[in-house]
Each structure stands twice: as C-alpha cells, then as structure tokens.
Amino acid sequence: MDRNEENRIINDIASQKEYREGFVTEVDQEYLPKGLNEDIIRRISQLKDEPEWLLEFRLGAFRRWEKMEQPQWGHLDMPPIDYQDIIYYAAPKKNADRPKEIDPKLAETFEKLGIPVKERDVLAGVVAVDAVFDSVSVATTFRKTLAEKGIIFCSFSEAVREHGDLVRKYLASVVPVGDNYFAALNSAVFSDGSFCYIPKGVKCPMELSSYFRINAAGTGQFERTLIVADEGSQVSYMEGCTAPMRDENQLHAAVVEIVVEKDADVKYSTVQNWYPGDSNGKGGILNLVTKRGICKGSGAHLSWTQVETGSAITWKYPSTILKGDYSSSEFYSVAVTNNFQQADTGTKMIHIGRGTRSRIISKGISAGHSQNSYRGLVQILPGAEGARNHSQCDSLLIGKDCGAHTFPDIRSANPSAVVEHEATTSKISEDELFYCNQRGIAPEDAVGLIVNGYAKEVLSRLPMEFAVEAQKLLQVSLEGSVG
Amino acid sequence: MKDQGHYIASPAAPGDYVVGAGEKLDLFYFVHPGEDRDIRVRVHLTGPGASVSLAGVYLSGGSEKVSIHTEIYHEAQGCTSDQLFNGIASGSAAVSFYGRIVVAPGADRTEAYQVNHNIVLSDKAKVDTRPQLEIYADDVKCSHGATVGSLNADEEFYMRSRGIPQKEAKVLQMISFVAPVLERIADPGERERTAAEVEEAIRKML
C-alpha cells in the first residue's frame, strides 16, 4: 500500500468521525458544519433529495478536486483560501433571523441605483422574497407564459427532480468536472442555480432573468447554471444581481454551461456587483467563476455581455467553443476596478468549425490602487477554414497608483484564418475633464460621463433595464476616485 | 547572421540591454528561411528620455522553429519603445512571438508601441503570438496589435487582371508585407542590401 492510499484511508476514517458529530448537531442548525469531505457532500445531496447519479457526480468531482492544486497563474494577489473553513450548505434564512432594517450605507447605494423600495428590502434580506406579492405574481405569470411555449426555466434542484434526463445529458458536457480547480469544487458542492431549456424552434418571448426568480435570492456561493438552446431556438438570459449584496461568505465559485444547438441564438448578460471590500481592501468576495458555452451545431450563435464592477477579486473567462460550421460568438465586457480590487478577466474563443467568427470587445477601467487585467485566448484549429476573429481591448487608467494589463494569446494553425488583436491604454485627459468642469459639471460627474462614453459600445449591448442600472453602477463604483 | 545593432548601450548580458538617459537602442533582426532561431531580448530603459526600437523580419518556409521573446521595462519617465515584427510562415514552420512591455509605477509620459503581423501560407505552419502589456503608471500611451492572416485574394486578383503572373503577384504581396519593417533600418546602404536579401528569400519560399 503506498503512502497516498494510506493517507486517504486515514482521512476517510477521520472524516467519518466528523460526520457523526456533524450529524448530531445538524438537527438544530440551519447549516452543515464547516469543512469539506465526502460526508458533507453526501449530506448536501441527501438534504436536496438528489438521485444516486448526481451524488456519484459530486463525489467523483470531489475526488478529482482533492488531487488538484489551486492555480496561481492569474495576475492576482490572492489571499490563501482555507477550504475547510467554509460552510458549504446553508438553508435559506428564516424570517426571525433576518435583519430588521437595511444597513444605511446599503440604502444609500440603492437610492443611487434607483431600485424600487420594495425590491430594496428583498435585496437586503430584510424580507423573504416570497413575501413580496409583486415578485410572486411576476414569477408565476412568467412561468405560465413560458410553459405554454414548452420552455423550462426553473431552479437547478427542481430540474434535477423533474427533468433529470435532460440535466444528466447536458451537465458537465461543456465544463467537465476536472476542467479546473474551481469547476471541480463547484461540481462537488454546488448548492443550486438555474436550469433553462428552450425547445426546437422556439423563440423565448421575454428576457429570462435569475433576478426575478424566487429561489435565486437564496442560492449560495456555488451556483450552477445550465442553459440549453435546442435547434433554431432563441433566448436572452440575464444573470446576476444588480444591487450590492453584502455577503458574509468570501468565496464565490460558480459554473455556467451553455449549449447552443444548430441555428440557435443565445445572449447571456451579466452585471456582477458583489461586495468589493472596503476602501482599504479589506473583505470582499473572491469571484472565481467558470463560464463556457459551446456552439454545437452549424450557424449557432452565442453572445456574452458582462459588466464587472464588484468583487475583491474577479477571475473569470467566459469562453466559447465554436464547433459548428459557420457558428459565431461575441464577447463584450466592461470591467471596473477601484480601491484595492483586482480583476483578471477576458475570454477564450476556440475555433474548430469552418467559417467560424468571433469578436471580442473589452473595456477595462482601473482606479485607486486596483489592478485590472485582460487575458484572452483566440485559438484557430487546423480545421477552422476561413475562421475570423477581431479583438479590441482598451484600458482606461484613473489615478497613478492603479495598473492595467493586457495578456492576449493568439494561436493560429490554419492559413485561411484571419485573427486581429489590438489594444490601447490611456488615461482620462486633463483636457476632457477641464472641458466638463468649465461647463459646470463637477469632476466626479465628468468622470462618470467620460467613462460611460468610453464603455458605451458594450453597455449598448445590454438589455434595456440592465443598461440603465449598469450606467449608474459605473458611476457609483468610481466614486471617490478623483479629486 | 544579419543582425545589426546600432546601439549606444552595450548588452550587460547576451540580449540584455540597459539604455540610460537620452540614449537610443536600435536593433534589427532578420531570420532567414531554413534557420531555427531563438531570439531573446530584454531592454531596461533606466534614464529619462531613453528610447528603443526593435524590428524584425522572419521568413520561415520549411520546418523551422522560430521563437522571438522580447521584454521591455520602462523604468524612467518619458521613455519610448517601438517594436515591429512581421513574418511569413509556410511549410511546417512553427513561429512564436512573445512581447512583454512593463511600465513601472511613476514612469510617466511613457510611449510604448508594439506590432506583430503574421502571414500563414500552408496548412501545417503554426503561429502563436502573445503581446503583453503590464502598466502600473497612468500618464502613458501604450498600444499593441497582433494579426495572423493570409495573403489577400483580392489584391492578387487585381494584379493578375493586369497581367502580373500569379507567382509574381504573391512575391509583390509578400515584399510589401515586410517592407514597413525594412524601413526601420536607418542606414540606406544597409537597408538596400537587406531588402535584396529579403526579396531573394521570398522568391525561394514560393
């Protein structure tokens, strides 16, 4: 017996003990004990009443994860994460535990974002979502309309119960369990998320948003989203919460998988605004997310739009595998970092099919002491006859202590492919600011104005209601960065 | 070997240059067909107003392995760097370009430019390019660009419709593709000699 094997068995025995203790206290508590081991995963699966195959999936992922090491290649100064010091499953809060009133600072931000009063309460966790009449009715009317078209849009747990075969078919088909460290972790412990299936030839009549979904507010840090667009279908999906969430937990490792079949069209928009930490760089969410889509059939189209303003550390690369001939993909991104925030974000476009096309527009804005990096890969495989890519990455610097970095990687193995990348870095010019000031626009408003103009190309891709909030969000995020 | 270095600073170690205040470093590289090359240059711009220009042409039509690795560190104010590398890969050549520009905190009024254009002519040739910008100062003008593509069919058609044979048309396209790099050579005699060599090499590639 080799040493590793021995250690594993010892660990197993050790963790069993922990489980027994955990089991005893579990009845009284709303959450599982801290730490991560196979028994915790079994408990999560049991609490969620999952089928055997999903438990096996989780355990398989966990065993893979144990053998992996946390990657270090990001241009990030990452604090060490103690994976045994995290609670991996917490039941939704009971009404008695909720705060009685909104934190005044949070209220101030809501005010600036123009979020309706009723929604503010929900977002701050003062009331349970299901207590808000409007949301319930909105959600149910949505459901009815969607069901008529055969569209499935529900929580991940619900999908596992009611559409097990579909979930099983597509789960981990785009992001394999062992894809990377955080994807493996997510596969082992994911709490909930969204599942969306658009049947053949159906055009989704409305923008789907996890914001409106009842269970979305209670989902934890390890959500799993799976979107499947069958042949010729069309959907626009909006993710994320558009208001700041104060979150006690530090780690957020989600996985998003998107399958786009022949001639289908998926538009995925995110406005990410998790808690970025305070102005001294203390606290904040570590946002380590794996997002990937595959254009499976010919003529498939996937478009990513993201506005990243939150999180202490953002590390994510929404990617597309262009497998189908003549499929296409776009990536539009605005990433704003202020104070001590760090972002290492970008995209990967893997061209496999003939005549595949991709476009990348990335706008980075750094202020304060923040570090903002674009990292992208454009890969043309030998079979990608006539593939085409254009990438444009701009960085805007506000203040002398921040950094902006660009790390593109272009690999071409087909003579007929054309790949172009360009990047620029500059700062807001004194002249622009002076012009605005002279006309009575205060320095902060002027910066907001200039930044919005700079990011307009991306913001204009967002669905209407997101775009308005995103613009305000840019302004809020950059507060205090000038003068 | 046809590298010509017109530099004031001398390399501290092979391929490792330190350029001080007001000094200028000018390097040109020509990678011939059939030649495996591993070019590594590191330049530290340590004094105000230092400047560096790196330029290179690579023509690889067999099974060559060409690797170009440049690192430029802007460590003082008002320095400029300018890089231009154009090359053609054919046969089963593998070309990789890695260019890193680092602008240190406080290195204001920096201007840093970097361009890498590639043409791939055959199915088996491979090109990887990784231009990297790391900027820690705000008063800067920096840009980089990289392309990988093929010869333009419209241009070829234009020439052929005017009686230029196909092969000659391709030669002209390839020469014009690398011509901007040759213009970086300051000495006219040197420039002409190199241009003649480049033309000869291109004709042999087809």
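Visitor: What percentage of the residues of chain A count as buried?

Guide: This is a predicted model, in which local features need pLDDT of at least 70 and side-chain atom pairs count only at pLDDT 80 or more, while totals for chains, interfaces and linings use all residues. Residues are numbered from 1 along each chain as its sequence is written, and chains are lettered from A and ligands numbered from 1 in the order in which they are written. A residue is buried if 20 or more other C-beta atoms, placed from the backbone, lie within 10 Å of its own. By that rule, 48% of the 483 residues of chain A are buried.

Visitor: How many helices and strands does chain A have?

Guide: Helices (H or I, at least four residues) and strands (E, at least two) are DSSP runs, numbered from the N terminus. Chain A has 12 helices and 19 strands.

Visitor: Which residues of the largest nonpolar core touch the most other members?

Guide: In soluble globular proteins, nonpolar side chains tend to be buried together. A nonpolar core is a set of buried Ala, Val, Leu, Ile, Met, Phe, Trp, Tyr and Cys residues joined through C-beta atoms within 7 Å. Here the largest core has 170 residues, and A:Val260 and A:Val266 touch the most other members.

Visitor: How many residues does each chain give to the contact?

Guide: Two residues are in contact if their C-beta atoms, placed from the backbone, lie within 7 Å. Chain A gives 29 residues and chain B gives 30. On the side of chain A that touches chain B, the elements giving two or more residues are strand S18 (403–412) and strand S19 (418–427) of chain A.

Visitor: In which sense do S19(A) and strand S11 of chain B pair?

Guide: Two strands pair if DSSP finds at least two bridges between them. S19(A) and strand S11 (residues 140–149) of chain B are antiparallel, with seven bridges. A:Val419 has B:Val148 in S11(B) as its bridge partner.

Visitor: Why does B:Gln132 count as buried?

Guide: B:Gln132 is buried because 21 other C-beta atoms lie within 10 Å. This residue belongs to strand S10 (residues 126–135) of chain B. Leaving aside residues up to four places away in sequence, B:Gln132 touches A:Thr406, A:Phe407, B:Gly99 and B:Arg100. The C-alpha atoms of B:Gln132 and B:His144 are 8.1 Å apart, with the two residues 12 apart along the chain.

Key: Buried ≥ 20, exposed ≤ 12 C-beta atoms within 10 Å, placed from the backbone.
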